[in-house]
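Open the model in your viewer and keep the sequence panel beside it. The stops below say what to select and what is found there.

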2 protein chains.
Amino acid sequence: MSEPRKQQPTLELVAERAGVSRATVSRVVNGSEKVKPEAMRAVEQAIRELNYVPNRAARSLAQGRTNAIALVVPENTAKFFADPYFAKVVQGAAQYLADTEFMLSLLLSTESDPGKTTRYLRGGNVDGALVLSHHAADRSYADLGGQLPLVFGGRTMSTDQSEIFVVDIDNISAAKQATEVIIERGRRRIATIAGPQDMGASLDRLTGFTQALAEAGLEPAAVLEGDFTPDSGHDLMRQLVDSGTDFDGVFVASAQMAFGALQAMADAGLGVPQDVSVTTVDDDAFARNATPPLTTIAQHPERQGAIMAEILIKRINGESVPEWSIMDTELILRASH
Amino acid sequence: MSEPRKQQPTLELVAERAGVSRATVSRVVNGSEKVKPEAMRAVEQAIRELNYVPNRAARSLAQGRTNAIALVVPENTAKFFADPYFAKVVQGAAQYLADTEFMLSLLLSTESDPGKTTRYLRGGNVDGALVLSHHAADRSYADLGGQLPLVFGGRTMSTDQSEIFVVDIDNISAAKQATEVIIERGRRRIATIAGPQDMGASLDRLTGFTQALAEAGLEPAAVLEGDFTPDSGHDLMRQLVDSGTDFDGVFVASAQMAFGALQAMADAGLGVPQDVSVTTVDDDAFARNATPPLTTIAQHPERQGAIMAEILIKRINGESVPEWSIMDTELILRASH
DNA sequence: ATGAAAGCGCTAACAG
DNA sequence: CTGTTAGCGCTTTCAT
């Protein structure tokens, strides 16, 4: 049944045409110094004439290296596209890799069959992988770390493994800082809409929130758990309002959720920041276009992507790199606090 | 310098452990019928114990097939993420492929080095590719069609090639239909904000617009050319207004641009649909959340992605498929016309 | 500086 | 049903 694939010219063909051995062609292709200019020209011409491109599978088999890395997003397609954070990280990684010999291949891990992705990764298709948005329940990638160089974006929840490389912001201090802004505003009944508690970033942000409160001698007015989507922010805020809880400040763990929460508050006739002071994390389109614009902690996902890629490449090349890279964040004061 | 990669167990190792030949292991791995249950169990156990995963490069080299296909987006990362159309197509393709043995690998073609992507594609990394959003200037992919099964999303501009497989809507009739809605409203001074004229879809939509007008005995009030982004829609609409052109209807070639245009009209104090009737193409978040919600032609990008994938797989398997697949569209009447 | 030869890990006839 | 034997296209010692 299989259609005869148009045969690509092989290295051997190039060798014949150039009148040299396959070894020499290989040397030229790989930019080895030790080739006579004369032979080199002949080979290059043959390559051009035949429109030759080396077969990657063969090369990869021979040298045990693929020159490709994967960016794995263990999240469904809809969420992936809805969250500007992913876009930025991908962009940063892609940009960094553009100047290297490496290809970036984006793997949206299908919820239906996560094993498919791991098998692909372990099947020698890539030299390493960047893993994003790692839910705790999902141990598949953490375990993979022993077999393939991995770099995580955001801390993973597994603690029993060493040799886990991660690039992240300090989520605890970020949340703490954001919460302090509210406290400094004089607010005392402060709630939070936290992120999914199976992710490291969410846990840390909740910790930071609690710490800030504790240091000011306060108790949380309420703690709700969302899933980082605007809808969950909206729904939880409405719940909070409907519950009759008395609050005058809220730290929301992501700009997307804060965006939704703001709408719910507007619907409920709550003024921001007069009635409620709100701060959040992420300086994306949601933060900037919210009404009012959100006071927030900017991380720099684009830079994060680039750094992740850089570290992975270094690991692949056997250079030693620190296990943790903590990125700076920035407090952006806008109108919502 | 290269770090010793942790050696994955090979098929040979499995064979030894199971006490059979490599061929038998291969048979089991590939699900051949003709293996004694007994041997099969032994092999399966060995595989489990060794945590064996076949090396793809080797397999692919041996059987001349990779079981991976690429989805190529010749567009920069920012545009890719900003346009819900891409998200939907990817989603559709990913979903379809989830039930097959094929991996989907997303290639954001870097503007800096398009040759890198083509080389990757030709290097035998994938069995075929889906190509999206094809600008005319870019012949690289059309030419690739001779060497690798390709399926395009949206018609390509190259006319000299046969064997070009494309999945698309009928852009001419879609635009015509959208324009007719405006005409039926009794409007006579109708302008258009078209898409980039180096893309087939844009050209066709302009053609459909012009045809509808011609059949009603009308001339375009104005023809502006945007780039499918909301910003371009905004800017062009402001230009149109500032130019003093007299118009009471406008067909905008994409919902993103229409979204921007609507804002500009609101700024200019133009009422929609009282003063100006507007229709567009795409039923995405922009169309639905615009003020007022947009009357539009819905294409079904998710289905398009799935169909593209389906056709590509069939081609890879040597089945014969039609070169053109035209998808249905749907007129959605909302408040803007 | 170059060629010969031995694989990389797997699959695919071909015997048996 | 199973093992033997060739490769797939490329890289890489090792000689020369």
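Start with aromatic side chains from both chains: select A:Phe80, A:Phe81, A:Tyr85 and A:Phe86 together with B:Phe80, B:Phe81, B:Tyr85 and B:Phe86, which ring pairs link into a cluster. The model is predicted. Over all chains, the count of aromatic pairs comes to 13, taking ring centres within 6.5 Å as the criterion.

Now colour the interface residues of each chain. Of those in chain B, 96% are also interface residues in chain A, so the copies meet through the same surface.

In the model the span is 69% helix and 0% strand, and its end C-alpha atoms lie 20 Å apart.

Stay in chain A and select residues 295-298, which form strand β10 and include A:Thr296. Is A:Thr296 buried or exposed? A:Thr296 has a relative accessible area of 1%, which means that this residue is buried, the limit being under 20%. To see what surrounds A:Thr296, display its contacts, leaving aside residues up to four places away in sequence. Among them are A:Thr280, A:Val281, A:Asp282 and A:Asp283, along with A:Ala287. The list also includes A:Glu330, A:Leu331, A:Ile332 and A:Arg334.

Switch to chain B for a sheet. Six strands make an open sheet in the order β7-β6-β8-β9-β10-β12, and the pairing is mixed. Which strands of chain B stand at the edges? They are β7 (222-225) and β12 (330-332); each has a single partner strand, so one side of each is left without a neighbour in the sheet. From one strand to the next, the twist averages 15°.

Within that sheet, zoom in on β6 (residues 190-194) and β8 (residues 249-252) of chain B, which run parallel and are joined by four bridges. To pick out a bridge between β6 and β8, select B:Ala191, whose partner in β8(B) is B:Val250.

Methods: Residues are numbered from 1 along each chain as its sequence is written. Chains are lettered from A and ligands numbered from 1 in the order in which they are written. This is a predicted model: local features need pLDDT of at least 70, side-chain atom pairs count only at pLDDT 80 or more; totals for chains, interfaces and linings use all residues. Side-chain values use heavy atoms; hydrogens and water are left out. Contact means heavy atoms within 4.5 Å. Helices (H or I, at least four residues) and strands (E, at least two) are DSSP runs, numbered from the N terminus. Buried means under 20% relative accessible area, exposed over 50%, partly exposed in between (1.4 Å probe, protein chains only). Rings of Phe, Tyr and Trp (its six-membered ring) pair if their centres lie within 6.5 Å; planes under 30 degrees apart count as stacked, over 60 as edge-to-face and the rest as tilted. Two strands pair if DSSP finds at least two bridges between them. Axes are lines fitted to C-alpha atoms, for helices over the stretch in contact, and angles run from 0 to 180 degrees between N-to-C directions.
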